[in-house]
Amino acid sequence: MKAPRRPIHAVSTWVKRQPPKVKAFLAVISGMAILVLLRAIVHDHDNLFVAAEAVHAIGISVLIYKLMNEKTCAGISLKSQELTALFLAVRLYCSFVMEYDIHTLLDLATLGTTLWVIYMIHFNLKSSYMEDKDNCAIYYVVIPCAVLALLIHPSTSHHIINRIFWAFCVYLEAVSVLPQLRVMQNTKIVEPFTAHYVFALGVARFLSCTHWVLQVLDSHGHLLVALGHGLWPSMVLFSEIVQTFILADFCYYYVKSVFGGQLVLRLPSGVV
């Protein structure tokens, strides 16, 4: 007699059998349902942004635990960490000269831990660094973001350089995880701590995106007007959505793996 299948396994099997259009429709419906739920239970939507920073910090803590206890950085992209440090440093500069608040302190703490991770990979754990797998050229990520920032940036009263830097860190944050996804694509097997870290990034990006979407809805679009005119307001929202969907596929397989009781995440071809 066959053992009854777990509900999560039955649902995932059913979803897997659906055509791409149905999967896309289900993803959109699920996203909208979560937005409605968060809008109902979270009254101060700024808390979502703080929660996003907190989840990111938890992800970094998991990464630090891996580096300190397992004495290996295998599976971690140094280039993603460097891109993260870059956009955080630029965002910190913009925060100091444009809008100093609690998010500035959170970014400062995250930057400090990210720099520590970079130091550990560069010096203490260099022998375990998978340089051949971390083969996404940084300039393919940085240069397009810089060009886009020059062309599309805020139209506020701040100095033009500060406005370009602001746009640059927004665009770079959206794609800074690409080298990490490239490493996972090359290895196909993701060990638990790295998987926890990347999943935390996905959750943080989703909360940040939700924060922006709900802010726009609550202000009836006035927030986009306050950000300036032209393409910039739309690009801010688009960047938030992009960085969420970049990690959506990985997060799906992560949740499926966890509920399936698998400690090591094995990714199918073409996932990331």
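## Terms and model

A cavity is a set of grid points where a 1.4 Å probe fits but cannot get out, and its volume is the space filled by probe spheres set on those points. The model examined here is predicted. By this rule, 2 cavities of 30 Å³ or more are counted.

## Largest cavity

The largest cavity holds about 100 Å³ of space. Its lining consists of F49, A52, E53, H56, F87, R91, E173, A204, R205 and S208. By residue class, this lining divides into 4 nonpolar, 2 polar and 4 charged residues.

Three helices each supply at least two residues of the lining of the largest cavity: α3 (46-69), α4 (78-98) and α9 (192-218). The greatest contribution comes from α3, which gives 4 residues.

## Second largest cavity

For the second largest cavity the volume is about 40 Å³. The residues that line this cavity are S80, Q81, T84, S176, V177, Q180, Y197, L201 and R205. They divide into 3 nonpolar, 5 polar and 1 charged.

At least two lining residues of the second largest cavity come from each of α4 and α9.

## Elements in both linings

Conventions
Residues are numbered from 1 along each chain as its sequence is written. This is a predicted model: local features need pLDDT of at least 70, side-chain atom pairs count only at pLDDT 80 or more; totals for chains, interfaces and linings use all residues. Side-chain values use heavy atoms; hydrogens and water are left out. On a 1 Å grid over the protein atoms alone, a cavity is a set of points where a 1.4 Å probe fits but cannot get out, and a pocket is an open set with protein on both sides within 12 Å along at least five of seven lines; lining residues have an atom within 4 Å of a point. Ala, Val, Leu, Ile, Met, Phe, Trp, Tyr, Cys and Pro count as nonpolar, Asp, Glu, Lys and Arg as charged, and the others, Gly among them, as polar.
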